[in-house]
Amino acid sequence: MGTTVLMGHFDPDSADAAVAAHHGDPNREQRTLLTAAGIVDRSHRGVLALTGPDRLSFLHNLTSQHLTALADGQGTRTLVLSPHGHIEHELWVSELDGTLWVDVEPGTVDALVTFLTRMRFFTQVEIKPADLVVHSLVGPGALAAAAKLGVAVPAEPDVLDVPGPKFATGALLPRPTTVYALTPLPGGGFVRRHSLGDVPVLDLLLPAETAAATLAALDVPPAGLWAYEAVRAAAKQARVGVDTDHRTLPSEVDLTAAAVHLEKGCYRGQETVARVHHLGKPPRALRLLHLDGIATDELPARGTEITANGRTVGFIGTAARHAELGPIALAVIKRNISGDTPLTAGESTASIDPD
């Protein structure tokens, strides 16, 4: 392992500044995630513990997912939306042993706590910071590596199909649209299974004081956030706050199946979500772009405008150097932009991935 370089070395103001960008060889680390298994430090994510008899109904009433049927040992994702249906927060929620654990994007937990506290009123729920930290075991070998934890590997995610426009009442079961299985760990914390495309991911939410020892016992190499983000971008999975802006709708970044129940009762932003779904396609869409890398070897910064024929049609979110695909980026662009339209992002020309 080489010298660890933090994300803050490249951008001190980044929400990711506290974790490793790489450990000396970003390309090798990424290939490890694609072909074997590596551990990625994501301990900068905010983690909360919600307790009390109303914890599930409280979040159910405020967010986009159906949560009242979330069973012990299950996790899912849900969104806090603005009154106009724009994404404000994405929450990964995990119900285990009478506590609803919530982990969120770095730098957003304080704003989320403020919102939840303001909406609590007389609800019987307590909202407290948790002492769990997030690390992700990523790669085709992740499931085998996890055997060293001494617990059963969680089952694959259970995802409901998204119904078409104007679907019949009762088309969706009254349960979370996506269920992630959880396995508790003997020393505290738990394992949560999901994936980045075809790449398995086991999120380890570990007590901060024992995390280092647990990770050492896995005996897998570390990989930096650059490697993780490249794999995520290639899988076309949006990261809220990076691949979204202040007016992004869930359906624009493919979060409906993961985090939105289209038949649950009223919640903030629900009217816009329903209207967009039933009346047709949203105005913008998440696209994977291939960057030429000829005019410059610098990746475009997040927020860089994408233009077509001199007209702004979208913006860059995550940009990464992928070990197999080369320079790529996730972008939110106008849906009517065809795949053969020449695009420009900063000094780079770009093309939409045909898949």
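This is a predicted model: local features need pLDDT of at least 70, side-chain atom pairs count only at pLDDT 80 or more; totals for chains, interfaces and linings use all residues.

**Exercise 1.** Find the partner of R55 and work out which parts of the chain the pair ties together.

*Solution.* Start with the distance: the closest N and O atoms of R55 and E95 are 2.5 Å apart, and the two form a salt bridge. Next, place each residue. R55 sits in helix α2 (residues 55–62) and E95 in strand β6 (residues 87–96), so this bridge ties together parts 40 residues apart in sequence. Last, check burial, for which the cut-off is under 20% relative accessible area. R55 comes in at 14% and E95 at 4%, so both count as buried.

**Exercise 2.** How many residues apart are R232 and E229, and in which helix?

*Solution.* Their closest N and O atoms lie 2.8 Å apart, and they form a salt bridge. Both belong to helix α6 (residues 225–234), three residues apart, which means about one helical turn separates them. As for accessibility, R232 is buried at 5%, and E229 is buried at 11%.

**Exercise 3.** Is the pair E252 and R284 buried or exposed, and where does each residue lie?

*Solution.* First the contact: E252 and R284 form a salt bridge, with 3.2 Å between the closest N and O atoms. E252 is in the loop between α6 and α7 (256–259), while R284 is in strand β15 (residues 284–291), so the pair links parts 32 residues apart in sequence. Both residues are buried.

Conventions: Residues are numbered from 1 along each chain as its sequence is written. Side-chain values use heavy atoms; hydrogens and water are left out. A salt bridge is a side-chain nitrogen of Lys or Arg within 4 Å of a carboxyl oxygen of Asp or Glu. Helices (H or I, at least four residues) and strands (E, at least two) are DSSP runs, numbered from the N terminus. Buried means under 20% relative accessible area, exposed over 50%, partly exposed in between (1.4 Å probe, protein chains only).
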